[in-house]
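Here is a short briefing for a reader who is new to this structure. Please look at the sequence and the 3D view before reading on.

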Amino acid sequence: MNTTSPISGRILVVEDDRRMADSLVSGLTGYGYQVSLARTGEEAFFLVHSTQPDLVLLDLTLPKRGGLEILAQIRAEQLPTRVLILTSHNSVDDRVTGLNSGADDYLGKPFSFPELLARVASLLRRLPAPPRSASLQIADIHIDTKAHLVSRSGTPIDLTPREYDLLLYLLEHRNQAVSREMLAKDVWRETSRFTPIDNVIDVQMARLRRKIDDPFTTKLLLTLRGVGFILREPEQ
Amino acid sequence: MKFLRPTNIRSRLAIWFVAILSTILLLYISAVFVFQYVLLQRQIFHDEIQDVETVEGLLYFDQHGSLQLEQGYHTHQQSRLLEDRLMEVRDLAGNVLYRTDTLKGATLGGTALPDEGIHSYNERSTTLADGTRVLLISHIHPVQGKPVLIRLGYSMAPLHDRMLYFFFLLLVATPIALVAAGFISYSVSRRALRPLVSMASRAEQITASNLHDRIVVENPDDELGHMGRVLNHLLERLQQAFAQLQRFTADAAHELRTPLASIRSTGELTLQHDRPNASYREAISGMLEETTRLNQTIDGLLLLSKAEAVQCDSEPTSFFLTELVHEILVLLEVLVEERQITVLEEYENAPHEPLVADRSLMRVALLNVLHNAVKFSPDRSVLRIVYGSIEREGHIFHHISIHDSGPGIAPGEHLRVFERFFTSAVHQATAFRGSGLGLSIARLIIDRNGGRINFEENVVNGAKCCIELPISTKKSKTA
């Protein structure tokens, strides 16, 4: 259960929209993070220095002092804080501007909460990508990442390369919901946000489920309606 | 020196015109002056020769042995006074035999030159004792068997006076001509530039609210008319862009309201009574699904506006159409397999040239069309993709047709399917509901690349989408 236990970390949410801020704070707190909130740029400056957060979730459009200004300040003072930009300006240019200004990551609004959690976890682990161990396991599913072999309860399962990638991704995000957007981006490598492949993902997921779940009594791969999918370890 | 640099074009034109004109006039006057002077001098020389030949015959020695000029031919004695010729006759020893009164006793040309007057007229210029410039010729002629040297000259003073007079006349006339030319050029350029003033004042009045107004073009063929037309084209494009923006806003508002209404009513209904947890879960899931739909609509609308702007700033790459279609088919493979659809690809003299376009946008366009075809194909049916070429107005186009065996397109909806947010009135296929933007996006992208897309109308079963894309005539960069 080590991956479900939240990674401890101090997070500063800089967001002026009250509802958005509240849901971010409660959502992240629910996953065990110590979250503080700043609604204005000035407050953010103060809290960056007083609480020394490990990660700042930064909205770019703030009253008084803009998000990019705060980011520039953090970088100028060489604080060890990681910065994840959250913004509704989703064009490639904005993204490039944000990352060029020294942000560690960039997430466009509206984002799916599972994706935010995945990004936050990854940033707090301070690793660009978690190293892939030679074998991964959830319940009785076993993946040999070297030989690309999958088995459940010792029965080898023959997967297509895409199904294998999908399962690996779900396993790396075990016990976390993954949205279709995350899958489109990370497994299918679709860069365009408007790519109507949701049914491709659904069908692919159904086929994977047929292979890894249908012949077995314990179901591990679940659909969360409206959210996405989750590969969950059975509750004991 | 700032006052010499007037800001308006007509003054500048007038000043330039006057400056150039005065330079040309000056050069012209100098040339004419020199030419005229030389010409007149030649004429005098010529007259002198004529005169010397005449005078020769009139010279005679009187009974005292002194040389005389015959004067008896004058009808009026006072006519003699009109003669201003200067003449001196010497014998070959240099003794002066005769002098005209006009010389007033002064010598003409001094001592004799060697061989003077033998082979030529020895034309030369000399100065009399009183300072008068004289053009002089010499000629040796026997008078009654005795050779004499005749020197004959005319004073240059009258010529110089006349040339000076001519010069002063030009000096006075030139500034008057220049001033007149300046005024005329000023008023002509003002008249020529008048349309510019009216165009400017008209353009100043055009704002976002009256973008349909156009600049009045008086003469469409001249430069200003051309500029007016260019400005009008600009206004037209602006107006179109503005209309597109307005349409985008209206479409967006309409299409975003629908899922919002659904989210709102789901929330309201759910909270009216206490319900079991599963019911809340159900409601929230429904709301999240609607959010996804909202999100897709927004992404689609943004993609539309991106595709609309693509003409100006896209960086086209060169790629092969078949290769792109295969990439998309790989993406859709799982759907194709699941529904046991057979994809048949046929090549009918397909061109070998690559396509030059924004690949990622073209991919979105073709993905939308192919995805639709797969979506509407019944299980175990055939999807036929034919690559070929077509010639239009002398240009070769890629032609790709995608023929599915689905329900097809209802009569009268062949064009409307490309409208934004179009949903068929005939096929109430909610299972197929998408954002309603896929085909609009596809058409916009293909249009912007100089191609065309349409559904063939007389197709018996299914829908047949035909796409034409131009083969670039430019040297294409290889991607």
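In what order do the strands of the open sheet in chain A follow one another? The order is E2-E1-E3-E4-E5, with 5 strands in parallel pairing. Keep in mind that this is a predicted model. The points below start with that sheet, go on to the helices across it, and end with the interface of chain B and chain A.

**The sheet of chain A**

- The sheet is open, and its edge strands are E2 (34-38) and E5 (105-108) of chain A.
- Each of these edge strands pairs on one side only.
- On average, neighbouring strands of the sheet are turned by 20 degrees against each other, direction ignored.
- Strand E1 (residues 10-14) of chain A runs parallel to strand E3 (residues 55-59) of chain A, and 4 bridges join the two.
- Val13(A) has Leu57(A) of E3(A) standing opposite.

**Helices across the sheet**

- Helix H1 (residues 18-30) of chain A lies across E1, E2, E3 and strand E4 (82-87) of chain A.
- The direction of H1(A) is at about 170 degrees to E2(A).
- Helix H2 (residues 41-51) of chain A lies across E1, E2 and E3 of chain A.
- For H2(A), the angle to E2(A) is about 150 degrees.

**Where chain B meets chain A: extent**

- On chain B, 27 residues are in contact with 21 residues of chain A.
- The two chains, B and A, bury about 2000 Å² between them.
- Carbon and sulfur atoms carry 52% of that buried area.
- Three residues, Leu331(B), Val334(B) and Glu338(B), supply 24% of the area that chain B buries against chain A.

- Arg225(A) and Glu289(B) meet through their side chains in a salt bridge, at 2.9 Å from N to O.
- The interface of chain B and chain A also has 10 residue pairs in polar contact, with both residues at pLDDT 80 or more.

**The side of chain B that touches chain A**

- Four helices of chain B each give two or more residues to this side: H4 (277-308), H6 (321-338), H7 (359-376) and H8 (438-448).
- The largest share comes from H4(B), with 11 residues.
- By type, the residues on this side of chain B divide into 10 nonpolar, 10 polar and 7 charged.

Key. Residues are numbered from 1 along each chain as its sequence is written. Chains are lettered from A and ligands numbered from 1 in the order in which they are written. This is a predicted model: local features need pLDDT of at least 70, side-chain atom pairs count only at pLDDT 80 or more; totals for chains, interfaces and linings use all residues. Side-chain values use heavy atoms; hydrogens and water are left out. Contact means heavy atoms within 4.5 Å. Buried area is the accessible area (1.4 Å probe) that two parts lose on being put together, summed over both. A salt bridge is a side-chain nitrogen of Lys or Arg within 4 Å of a carboxyl oxygen of Asp or Glu. A polar contact is a pair of N or O atoms within 3.5 Å; within protein, one must be able to donate a hydrogen and the other to accept it, and residues adjacent in sequence count only if both atoms are side-chain atoms. Ala, Val, Leu, Ile, Met, Phe, Trp, Tyr, Cys and Pro count as nonpolar, Asp, Glu, Lys and Arg as charged, and the others, Gly among them, as polar. Two strands pair if DSSP finds at least two bridges between them. Axes are lines fitted to C-alpha atoms, for helices over the stretch in contact, and angles run from 0 to 180 degrees between N-to-C directions.
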